[in-house]
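Here is a quick tour of a two-chain model, meant to be read with the structure open beside you. Have a look at it before going on.

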Amino acid sequence: MLPVRGLIRAVKQNPNSLKYLQLNLLRHGSYFTSKPVGDPSKYTDYEITQNPEEWKYVERLFVKPRIPTPKPKDSYPSGWTPQTVDPEKCTWFVHRNKAHMMPVYLDISERGMRRLTKIKKVDGDIWAFYKELKPWLEMVNRGKILGIKVNEVQQEILIHGDHVNQCRRFLLDRGF
Amino acid sequence: MGLKPKMGDLTVQMLRALPRIGLYNLKPILGMPKLSKRGRGQHGGDKHGCGNKGSGQRQNIMRPGYETGNQPFYLLFGNEPYYYRHHLRRQYPPLSLLQLQTLIDTDRIDVDRPIDLAAICATGVYRFFPNIKHFGINLTDEGIDNFKAKVNIEVQWTSEPVIAAIERNGGTITTAYYDPHSLFILKDPLKFFERGEAIPRRMIPPQDAIMFYTDAKNRGYLADPEKISWERFVLAQKYGYTLPKLEEDPDYEMLTERKDPRQIFYGLEPGWVINHHEKVILKPKDNELREYYQQ
């Protein structure tokens, strides 16, 4: 066994003995984290430029702090459209999310066996929305009875099964 | 060390100075039970756990997988090495034309400028991780019929119909290779500028990718521009559309803007240091250094 206790006792009695124990511990860092060595004048020379024309190329690389609001256009080839409905005339309203997309999502759980369609951000009378959505969805699905849950507190509606595209069509037709 | 050192400091200091643990100073813990040894003699040592007869007693143990004459399990099925050299393969996460058109419709991407990997990463909707061998965008043909934008786009991989869809609308497309170091820089340029390093040179493609990026049919960035303009015409004939004339386009300069094969960012040369805090660019003066960066 090593005489650890004896060493501790010796150091406690005579702290000067520590300097004989100390080793030159070097941390070999990377080139980029190392300190500059020697005189800075020995480094390569450079010029400092402040050209607004060149700076434009730098500025375009930065991420925008906010998602921009889409400007109105003549046509939207991708199928995306802005909301056209007047919120004051509606009993219920489905907001867009912060990326200006429709808040209709597919929840897959139980290793892919359970699929739920979730419509979020439903404002106003959520029950009126439910009464309008349910017959339309069942008509589209050829009379199939669908399990629909209304979560009034979370302002969302859960539909059993994958009906994301149908719900998006339903909302799009009504201008949401 | 003016003050008297604390007990914890002493221990750490001493531990640093003490020799490492090795075989020469290891000893069993005091009070460990002693293991019984292999018995000898008439009744002390019978078979010693090796049993009677066979390969167990004779210690001629069979090789792993050998099933005493049966066709071994590991030879029953052929080898299908799906993951062979997976750590060297390049991955190109897909971006569909529909996604690109949606990004343009919702003003997430500016069409008035050339679109490259940095512009698409800056939107925040493209999942791209260079550390798991992602090498850039694969522009796929989903939503090809609804693609109407006129763009100058630079991607890393694409297919012939996609090239046709972009050139039909009067746009241009280039496929360009970036080495992993440049990809990390393109993913988050601000993070790179904060490190205060000079913009490095972009490396040339590896051996198995150089044919793709020198081919005019793929609109490779190392291909001959004259051959590319010929292939543009050939593709228009093949897919049956009239090629819009680039020379007469009002956005001619934007549509024909290309990076140098050594360049990572548009308009910024390798060797420059970007100080985004003071909004200045530091450029090296040394001729040898400038030559190195432009080689």
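Which residue forms a salt bridge with A:Lys118? The partner is A:Asp107, and the closest N and O atoms of the two are 3.6 Å apart. A:Lys118 sits in strand S4 (residues 114-119) of chain A and A:Asp107 in strand S3 (residues 104-109) of chain A, so this pair ties together parts that are 11 residues apart in sequence. Bear in mind that this is a predicted model.

Why might such side chains get together? Side chains of opposite charge can pair when their charged atoms come close. Over all chains, the count comes to 19 salt bridges, and 4 salt bridges are counted between chain B and chain A. One of the pairs across the two chains brings together the side chains of B:Asp107 and A:Lys73, at 2.8 Å from N to O.

Here are the two named pairs side by side.

| Salt bridge | N to O distance |
|---|---|
| A:Lys118 and A:Asp107 | 3.6 Å |
| B:Asp107 and A:Lys73 | 2.8 Å |

**Where the chains meet**

Now for the interface as a whole. On the chain B side, 48 residues are in contact with 43 residues of chain A. Together the two chains bury about 4200 Å², and 68% of that is on carbon and sulfur atoms. Within chain B, the residues losing the most area to chain A are B:Met14, B:Asp105 and B:Asp107, which together make up 15% of what that side buries. B:Asp107 is also the residue that meets A:Lys73 in the salt bridge above.

Counting residue pairs in polar contact between chain B and chain A, with both at pLDDT 80 or more, gives 8. Several elements of chain B each supply at least two residues to the side touching chain A, among them helix H3 (97-105), helix H4 (117-123) and strand S6 (273-275). Helix H1 (7-17) of chain B is on that list too, and H1(B) gives the largest share, 6 residues. By type, the chain B side splits into 26 nonpolar, 8 polar and 14 charged residues.

The chains also pair through strands. Strand S1 (residues 46-49) of chain A runs antiparallel to S7(B), with 4 bridges joining them. In that pairing, A:Thr49 stands opposite B:Ile281.

**Chain B on its own**

Chain B has 11 helices and 7 strands. Its radius of gyration is 33 Å, well over the 19 Å that the globule rule gives for 295 residues, so chain B is more spread out than a compact globule. Along the principal axes, its C-alpha atoms fill a box of roughly 105 × 80 × 40 Å.

Chain B also holds an open sheet of 3 strands, in the order S1-S2-S4, with parallel pairing. Strand S1 (94-96) and strand S4 (157-158) stand at the edges with a single partner strand each, so one side of each is left without a neighbour in the sheet. Strand S2 (residues 138-140) is joined to S4(B) by 2 bridges, and B:Asn138 has B:Trp157 as its bridge partner in S4(B).

Technical notes:
Residues are numbered from 1 along each chain as its sequence is written. Chains are lettered from A and ligands numbered from 1 in the order in which they are written. This is a predicted model: local features need pLDDT of at least 70, side-chain atom pairs count only at pLDDT 80 or more; totals for chains, interfaces and linings use all residues. Side-chain values use heavy atoms; hydrogens and water are left out. Contact means heavy atoms within 4.5 Å. Buried area is the accessible area (1.4 Å probe) that two parts lose on being put together, summed over both. A polar contact is a pair of N or O atoms within 3.5 Å; within protein, one must be able to donate a hydrogen and the other to accept it, and residues adjacent in sequence count only if both atoms are side-chain atoms. Ala, Val, Leu, Ile, Met, Phe, Trp, Tyr, Cys and Pro count as nonpolar, Asp, Glu, Lys and Arg as charged, and the others, Gly among them, as polar. Two strands pair if DSSP finds at least two bridges between them. The radius of gyration is taken over C-alpha atoms; the globule rule is 2.2 Å times the number of residues to the power 0.38.
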